[in-house]
Amino acid sequence: MDKQKKEPLIHITKRKEISKKHEWAIRLGSILIALVVCAIITTITTHLNPISVYATMIDGSFGSERKIWALLKELSILLMVSVALAPAFKMKFWNLGGGGQVMAGVLATATCMITLDEKLSNGMLIFVSLIAALIAGALWAFIPAFCKAKWNTNETLFTLMMNYVATQIVAYYIIIWETPKGSGKIGIINPNTNAGWLPTVAGKQYLLPVLISIAVTIFMYIYLRYSKQGYELSVVGESQNTAKYVGINVGKVIIRTLILCGLICGLTGWLLVAGTDHTMTTTLEAGRGFLGVMVAWLAHFNPLGMVLSGLLMVFMSRGGGEISTAFGLNKSFGDILTGVILFFVIGSEFFINYQVHFRKSHRKEAADV
Amino acid sequence: MQDSRTPAVSMRNITKTFGTVVANNKVNLDIYRGEILSLLGENGSGKTTLMNMLSGIYYPDEGQIYIDGKPVQIASPKDAYDYGIGMIHQHFKLVNVFTAAQNIILGIDEENGKKLPRWSRLDLESASKKIREICDAYGFDVDPNQKVYDMSVSQKQTVEIVKVLYKGADILILDEPTAVLTPQETEKLFKVLRNMRADGKTVIIITHKLHEVEEISDKVAILRKGEFIGQLITKETNAQEMTNMMVGHEVKLNIDRPEPKNVKPKLEIKNLTVKTEDGITKLDNVSFTANTGEVLGIAGISGCGQKELLEAIAGLQPIDHGEILFIEDDGSKTNLVGMDALEIDKKGVSLAFVPEDRLGMGLVANMNLADNMMLRSFRRKGSIAGFTDRKTPRELAEKVVEELEVVTPGIDTPVRRLSGGNVQKVLVGREIAMNPTVLMSAYAVRGLDINASYTIYDLINKQKERGVAVIFVGEDLDVLLELSDRILVLCGGKVSGIVDGRTADKNEVGLLMTQVGGGAIG
């Protein structure tokens with residue numbers, strides 16, 4: 001403990017206003033510092049040239065057409081989850097259940113593909129699985145929303161727990177449908193007939209998910225910014241008292257918004273199974289429900305901003321993977337670099353909101369009484 | 001006032017400012033042992049701020065506090081406890097799932113002046129014993145093992161007091177302790193306070209209820225708008241003198257009061273009763289009529305049901321029983337009870353409401369002026385169904401800024417950045433723009449400077465001349481008497497009287513505010 005009761009060395013005040021330029025300068029500056037710190041860590045721990053490590057990361061993400069498509073696929077799935085979370089977060093409903101809502105969609109799609117593949121035409125099967133996935137995702141979001149609206153339950157805990165419920169149900173059905181028996185895996189669903197698989201658009205396997213995610217992102221941007229419902233949910237998020245004052249039914253808005261959330265998550269689950277992976281595992285969602293939270297926060301819930309923050313995340317994970325293989329490093333090394341960069345990017349938000357003054361002159365207050 | 005004894009607490013030239021607001025300006029206060037002092041003042045007069053400095057929550061900008069004649073620095077609540085000062089706040093600070101005893105010993109790391117070792121045993125039993133001793137000494141009624149969530153408001157307050165005594169405080173500050181109590185509970189509390197006085201303790205009670213001042217205190221100190229007005233011996237003064245000192249004789253505000261025209265009943269309230277979730281009656285059988293072309297002032301001390309009354313009419317308060325009848329021009333009546341704000345609006349009842357909590361209810365602090373204008377209009381049909389019309393609110397925002405001279409960098413500035421007066425102009429401007437038939441406002445000029453206040457009075461008068469039924473809840477009696485055509489006085493949730501604003505006398509209204517029916521007026 002400091003014994004002197006003098007003015008502290010640094011003094012932190014909340015900024016009143018900050019120009020967009022200044023804001024971005026802080027952000028870019030923080031990324032630059034992060035890159036320098038990463039370079040130092042890389043040199044010390046691996047004795048590699050950090051420039052070549054960075055070059056490899058870029059190469060791993062954008063190096064070839066195949067790599068670019070893989071990056072775009074990753075980005076579009078992550079973006080959809082993030083965009084799905086945006087309205088809930090804007091409403092200050094802390095939905096940590098994006099993963100569970102995606103898994104509900106995954107399960108519904110896989111169920112349709114496995115059980116209905118011989119009963120329906122391919123187009124019909126795709127359509128039915130889509131509807132099933134939407135309903136499942138929406139239901140998974142509706143349950144915590146309803147309880148929040150009715151009994152004011154804690155949505156953070158509730159949605160979090162719903163993730164585990166979803167994963168466990170998926171685990172159960174994986175055992176029921178496992179092929180071959182005893183493998184504990186489902187494998188590729190309908191490998192021969194490709195029943196229920198989404199068609200490839202213009203010969204590109206991942207073009208469809210990319211297009212859908214673009215559409216969803218633009219939709220959400222417009223929804224939040226220009227629609228009456230978007231306006232209502234931001235009023236609810238800012239002040240429930242004001243919402244009631246102008247006659248907004250808070251419970252209804254909560255439920256409606258979360259259903260929208262769940263619909264997009266369900267759609268994402270459908271894309272994962274029918275569009276990209278064609279299988280069901282308990283880890284298919286791969287933590288995107290949580291990663292999406294970060295993407296959404298970093299972009300301040302602006303869907304267009306999420307394209308950038310999402311890209312940063314996907315780039316770091318793919319680039320990190322690439323350097324591990326290229327230089328024979330431990331797989332965790334990429335994660336370390338990702339962690340450092342995120343630390344600085346998130347930390348920059350502090351400097352955007354607050355100003356740090358260092359002690360200059362002695363301010364007279366408390367001490368001289 | 002001369003006294004040869006050394007005061008237990010002496011505050012000298014205490015000044016505290018928050019930004020540009022001077023909460024306390026060179027306040028002097030002396031309190032002696034074995035005395036109960038009432039700190040009297042209207043809302044915003046700086047009573048709580050002054051006491052917060054004594055209890056270590058704020059630190060004075062200027063001035064010196066003396067305890068038993070010695071200058072002291074109280075920089076934290078812990079320092080205050082070391083000097084034997086304990087404060088019981090208006091809002092209780094108890095852990096709900098803990099028992100009384102657990103709450104009482106929370107944060108205590110000393111025993112008989114010695115610091116307890118870090119890993120000492122949590123001795124709840126001896127604590128309970130000590131609590132019982134304190135209770136017996138002063139006549140409290142506390143079960144140390146009862147959980148806080150099982151307690152009534154008055155029991156929680158008792159725990160707070162015992163907590164302070166347990167820590168060894170002999171200077172107690174109570175911030176409006178009776179605001180949440182029934183008359184019987186108040187009586188019990190006063191008995192305990194008298195026992196403490198007999199025991200030589202010093203008690204400061206913050207209040208604005210005159211009859212309580214007269215009943216309990218030996219001395220009374222009066223603050224007005226942060227200034228120290230005077231300290232009196234309670235026995236030597238009377239309610240009128242205290243009121244005069246509390247309200248003050250200021251420069252006469254000349255507020256217009258146009259003659260009401262075309263007066264017709266618009267809103268009829270019948271036997272309205274409103275209770276809080278805890279079952280405390282906030283409004284008790286309130287009946288009155290608000291007329292078009294008339295300003296109905298509502299007077300009353302803080303917390304006597306004004307807020308609930310307006311919120312009940314606006315559809316924001318669950319109503320226990322009673323009727324709120326909106327009278328159409330053709331004489332037909334619509335009962336608004338049970339409708340929320342949206343349903344009232346859909347019925348075609350244009351009800352403007354300027355609530356007390358401007359940024360927490362009337363406006364969204366983080367949204368800009370244009371988006372705040374949209375709060376009332378966003379449901380109107382836009383050019384595309386389902387989308388908000390953003391042009392009209394922007395135009396309205398521009399208009400309000402221009403006409404009411406709102407000082408703002410622009411209409412894209414979040415309203416939280418505006419000053420209090422400008423925030424209020426934005427809110428009132430929006431509410432008036434909805435062409436209301438009934439306009440309700442709560443403390444419309446609180447915290448506003450003279451100019452902004454006049455703007456608001458003018459706006460209210462213009463609405464009255466337009467034929468709007470205006471309900472104006474105010475705290476400044478002078479303003480109420482000058483602006484209102486009739487004044488409804490509330491006291492403890494009951495209608496204490498309805499007087500004519502042109503003929504009513506300030507003292508008469510003041511007495512009605514504290515006693516139902518005004519007691520013996522004279």
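**Domains, chain contact and local packing**

In this predicted model, the centres of domain 2 and domain 3 of chain B, taken over C-alpha atoms, are separated by 25 Å. These two belong to a division of chain B into domain 1 (9-247), domain 2 (258-350 + 436-522) and domain 3 (361-434). Where domain 2 of chain B meets domain 3 of chain B, twelve residues of domain 2 are in contact with nine residues of domain 3. On the domain 2 side of this contact, the element that gives the most is helix H15 of chain B (residues 450-465), which supplies five residues. Sorted by class, the residues of domain 2 of chain B that touch domain 3 of chain B comprise seven nonpolar, four polar and one charged.

Chain B also contains pairings of strands that can be followed one after another. Strand E13 of chain B (residues 265-275) pairs with strand E16 of chain B (residues 321-327) in the antiparallel sense over five bridges, and within this part of the chain B:Ile269 has B:Ile324 in E16(B) as its bridge partner. Strand E16(B) pairs as well with strand E17 of chain B (residues 333-335), again in the antiparallel sense and over three bridges, with B:Phe326 standing opposite B:Thr334 in E17(B). The strands E16(B) and E17(B) form a hairpin with five residues between them, and in this hairpin B:Gly331 takes a positive phi near 95 degrees.

From chain B the reader can turn to the contact between the two chains, to which chain A gives 15 residues and chain B gives 25 residues. On the side of chain A that touches chain B, helix H8 (228-238) and helix H9 (240-245) of chain A each supply at least two residues. That side of chain A is made up of seven nonpolar, five polar and three charged residues.

Within chain A, helix H2 (residues 50-62) and helix H12 (residues 303-327) pack at an angle of about 115 degrees, and their axes are 7 Å apart. The crossing that H2(A) and H12(A) make is right-handed. The residues of H2(A) that take part include A:Val53, A:Met57 and A:Ile58, together with A:Asp59 and A:Gly60, while those of H12(A) include A:Phe315, A:Arg318, A:Glu322, A:Ile323 and A:Ala326. Taken by class, the residues of the contact of H2(A) with H12(A) divide into six nonpolar, five polar and three charged.

Methods:
Residues numbered from 1 in each chain as written. Chains lettered and ligands numbered in written order. Predicted model: local features only at pLDDT ≥ 70, side-chain atom pairs only at ≥ 80, totals over all residues. Contact = placed C-beta atoms within 7 Å. Helix = DSSP H or I, 4+ residues; strand = E, 2+ residues; numbered from the N terminus. Nonpolar A, V, L, I, M, F, W, Y, C, P; charged D, E, K, R; others polar. Domains from an automatic or database assignment. Axes fitted to C-alpha atoms, helices over the stretch in contact; angles between N-to-C directions. Left-handed = near helix turned anticlockwise from the far one by under 90°. Pairing = 2+ DSSP bridges.
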